[in-house]
Amino acid sequence: MSKKPLILVTNDDGITAPGIRTLIRIMNTIGDVVVVAPDSPQSGMGHAITVDSTLYVEKLTIDNGPQEDYSCSGTPADCVKLGVREILKRKPDLCVSGINHGSNSSINVIYSGTMSAAIEAGIEGIPAIGFSLLDYSWSANFEHTESFIKNITLKTLEHGLPLGVVLNVNIPNVPKKDIKGIRVCRQARANWVEKFDKRQSPMGKDYYWLAGTFENLDQGEDTDEWALENNYVSIVPVQFDLTAYQSIKQINTWNLND
């Protein structure tokens, strides 16, 4: 019986994206790999799941690697649910999601399909990591990410993660020689200042394209945004319990039962 860890790999850019193919190759050096990933791009889907239509899964051969590849018609969270419940013969030792084409730092973690897949695994009690590179290009060069991803993955398998916590890892888009190291950070307080580009179809119907600019409101030097701007790999431990515990006492002073 194999003693290698069983690793579930997924993403939100689609099963053929260069980022996930790089991640699969790295994971093949660590464990037995099963891939369950969307059959088309699902960026910005957040933690959406499919409840009002059917889901399809197809086993594929994409390259000559030892992994098993399955494409799924659903969202990244769907991929994890199906992988754990229907495809894998046992609970995986680790789930990794990515490598995302583009940043998932700061508030982007809320919208990210990459991180939602990792969080879904965390909900299942599986240690999970989302990896992202700060390059949105389909032809992004992921070579300099490999040693960092392997190191973080091996350390996670060795030490485990606290229950209810997953890791959000972002890697600067600079040559490896310019990366200063790895920092464990907090999520920067930031948001998107959004606008909509309003247009009109040939039939006279209005439609909109979402646009906007990212605004970092946080000057702290312990944040993911600071780390990335200063050429560090950032790791933010993310919890999916959204309870604001510090606010419970304050809201209880409202005398809600009066």
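In this predicted model, Ser-73 sits in the loop that joins strand β4, residues 68–72, to helix α2, residues 76–87.

Beyond its neighbours within four places in sequence, Ser-73 is in contact with Asp-39, Thr-54, Leu-55 and Tyr-56. For Tyr-56, the separation from Ser-73 can be described in several ways, which are set out below.

| Ser-73 and Tyr-56 | Value |
|---|---|
| Separation in sequence | 17 residues |
| C-alpha of Ser-73 to C-alpha of Tyr-56 | 5.3 Å |
| Polar side-chain atom of Ser-73 to backbone nitrogen of Tyr-56 | 2.8 Å |

Another part of the structure to look at is helix α1, which covers residues 18–28. Is this helix enclosed or open, and why? Helix α1 is largely enclosed by the rest of the structure, because 9 of its 11 residues are buried. Among these buried residues are Ile-20, Leu-23, Ile-24 and Met-27, and Arg-21 and Asn-28 are also included. The buried residues of α1 pack against the strands β1, β2, β4, β5 and β6, and also against helix α5, residues 146–159.

Finally, the UniProt record, in an unreviewed entry, lists residues 7–193 as "domain: Survival protein SurE-like phosphatase/nucleotidase". In the model this span is 28% helix and 26% strand, and its end C-alpha atoms lie 38 Å apart.

How values were computed. Residues numbered from 1 in each chain as written. Predicted model: local features only at pLDDT ≥ 70, side-chain atom pairs only at ≥ 80, totals over all residues. Heavy atoms only, no water. Helix = DSSP H or I, 4+ residues; strand = E, 2+ residues; numbered from the N terminus. Contact = heavy atoms within 4.5 Å. Polar contact = N/O pair within 3.5 Å; in protein donor to acceptor, adjacent residues only side chain to side chain. Buried < 20%, exposed > 50% of the residue type's maximum accessible area, 1.4 Å probe, protein only. UniProt positions renumbered as here; feature names shortened; annotations may be inferred.
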